[in-house]
Amino acid sequence: MRFLAAIVDALVAFVQRNPLFVLLVVILALFAPSLLKGVAAFVLYMFFGLLMLAGVLMLLFRWRIYRMRRDMEEQFGRGFGPRGADPFARRRPGREGDVQVRKTAGAPEKRVSSDVGDYVDFEETKEEKES
């Protein structure tokens, strides 16, 4: 019952906000029903046209998202899964925590000769605190 009361309240509010439009529709219904039929058909076709446009735009959006996902999968060479979420995972050799230093091709050569400087051998020791 509340649902019907809500519909009636909405219709009354519409009539209160748009009295001239409602009067025009009532006059058309009384004196020119064929014209009102054409207006109603136009509104109906426009409503269904907007629904179809929304559906087509939704399908185009889903297709675009699918293409972007496929392109990203091709770029990374595999799908996204629990282990495939990290695009750099297969570039890491060895175990986690291992460090490898490689010389790059564009690194400049050493400017100082190897016989310059002294090598100092040292040993780390722990000092005990006196309290």
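Predicted model: local features only at pLDDT ≥ 70, side-chain atom pairs only at ≥ 80, totals over all residues.
Residues are numbered from 1 along each chain as its sequence is written, and side-chain values use heavy atoms, with hydrogens and water left out.

The protein chain has three helices and zero strands, where helices (H or I, at least four residues) and strands (E, at least two) are DSSP runs numbered from the N terminus. Helix H3 covers residues 33–76, and its 44 residues should span 64 Å at 1.5 Å a residue, which agrees with end C-alpha atoms 64 Å apart; the expected span is 1.5 Å times one less than the number of residues. After H3 comes Gly-77, with a positive phi near 85°.

Turning to burial, 2% of the 131 residues in the protein chain are buried, where buried means under 20% relative accessible area, exposed over 50%, and partly exposed in between (1.4 Å probe, protein chains only). Val-39, which lies in H3, is partly exposed at 39%.

Finally, a search of the whole structure finds one salt bridge, that is, a side-chain nitrogen of Lys or Arg within 4 Å of a carboxyl oxygen of Asp or Glu. The side chains of Glu-73 and Arg-69 meet in a salt bridge, at 3.4 Å from N to O. Why are Glu-73 and Arg-69 separated by about one helical turn? They are separated in this way because they are four residues apart in helix H3.
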